[in-house]
Amino acid sequence: QVQLVESGGGIVQAGGSLRLSCAASGRSFLNNPMGWIRQPPGKERELVAAISWSGSRTYYPDSVKGRFTISKNDAENRIYLYMNSLKPDDTAVYSCAASARYTGSTYTARGLLEYDYWGQGTQVTVSS
């Protein structure tokens, strides 16, 4: 059974930082693109970070570029999301996701439909 389990969410003041972690089990995602997606209350899901399976390429939308950093630890089968300079607009449920596709080493999955496995999510609340 494939599982993605997020941790590290919580309540933080605006300007603060959080580190989210996602642990994968049931299969290895060493050769699959992965990402972090968030869903703010009452809004659509949006991709906030993507990483190629090699870790050599990352993608961020303008809304988080320069503030969020995605990374991976293949030995632990984990990915991370470092979030700095948090804003109230960053309040959302954050989920990690993995693609089942085997892609080139620099490919980043930027469409939500490209992700086949999803975690349950962890709540991040940024207070003003």
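**Inside the core**

Analyst: Happy to! Leaving out residues up to four places away in sequence, Met-83 touches Gly-16, Ser-17, Leu-18, Leu-20, Arg-67, Phe-68, Tyr-94 and Val-124. Do keep in mind that this is a predicted model.

User: Okay, and how many residues does the largest nonpolar core have?

Analyst: That core has 26 residues. Met-83 is among those with the most contacts inside it, along with Leu-4, Trp-36, Phe-68, Leu-81 and Tyr-94.

User: Which strands each supply at least two residues of this core?

Analyst: Strands E3 (18-25), E4 (34-39), E5 (46-51), E7 (68-73), E8 (78-83), E9 (92-98) and E11 (122-127) each do that. Apart from this core lies another one, of six residues, including Ile-37, Leu-47, Ala-50 and Ala-97.

User: Nice. Switching to rings: how many aromatic pairs does a search of the whole structure find?

Analyst: The search finds three aromatic pairs. In one of them, Tyr-80 and Tyr-82 have ring centres 6.3 Å apart and planes at 40°, so the pair is tilted.

User: Why tilted?

Analyst: Because stacked needs planes under 30 degrees apart and edge-to-face needs over 60, and the planes of Tyr-80 and Tyr-82 are at 40°.

User: Are those two tyrosines buried or exposed?

Analyst: Tyr-80 counts as buried, at 10% relative accessibility. Tyr-82 is partly exposed, with a relative accessible area of 33%.

User: Got it. What about Tyr-115 and Trp-118?

Analyst: They form an edge-to-face aromatic pair, 6.2 Å centre to centre with 70° between the planes. Tyr-115 is buried, its relative accessible area being 5%, while Trp-118 counts as partly exposed at 28% relative accessibility.

User: And what lies over the face of Trp-118?

Analyst: That would be Arg-45, at 4.4 Å from the ring centre.

User: Last topic, Ala-14. Where is its place?

Analyst: Ala-14 is in the loop between strand E2 (10-13) and E3. At 40% relative accessibility, Ala-14 counts as partly exposed.

User: Why does 40% make it partly exposed?

Analyst: Buried means under 20% and exposed means over 50%, so the 40% of Ala-14 puts this residue in between.

User: Which residues is Ala-14 in contact with, leaving aside neighbours within four places in sequence?

Analyst: Its contacts are Leu-86, Pro-88, Val-126, Ser-127 and Ser-128. As for Phe-29, 15 residues from Ala-14 along the chain, the C-alpha atoms of the two are separated by 33 Å.

Technical notes: Residues are numbered from 1 along each chain as its sequence is written. This is a predicted model: local features need pLDDT of at least 70, side-chain atom pairs count only at pLDDT 80 or more; totals for chains, interfaces and linings use all residues. Side-chain values use heavy atoms; hydrogens and water are left out. A nonpolar core is a set of buried Ala, Val, Leu, Ile, Met, Phe, Trp, Tyr and Cys residues joined through side-chain atoms within 4.5 Å. Buried means under 20% relative accessible area, exposed over 50%, partly exposed in between (1.4 Å probe, protein chains only). Helices (H or I, at least four residues) and strands (E, at least two) are DSSP runs, numbered from the N terminus. Contact means heavy atoms within 4.5 Å. Rings of Phe, Tyr and Trp (its six-membered ring) pair if their centres lie within 6.5 Å; planes under 30 degrees apart count as stacked, over 60 as edge-to-face and the rest as tilted. A charge sits over a ring if NZ of Lys or CZ of Arg is within 6 Å of the ring centre and within 35 degrees of the ring normal.
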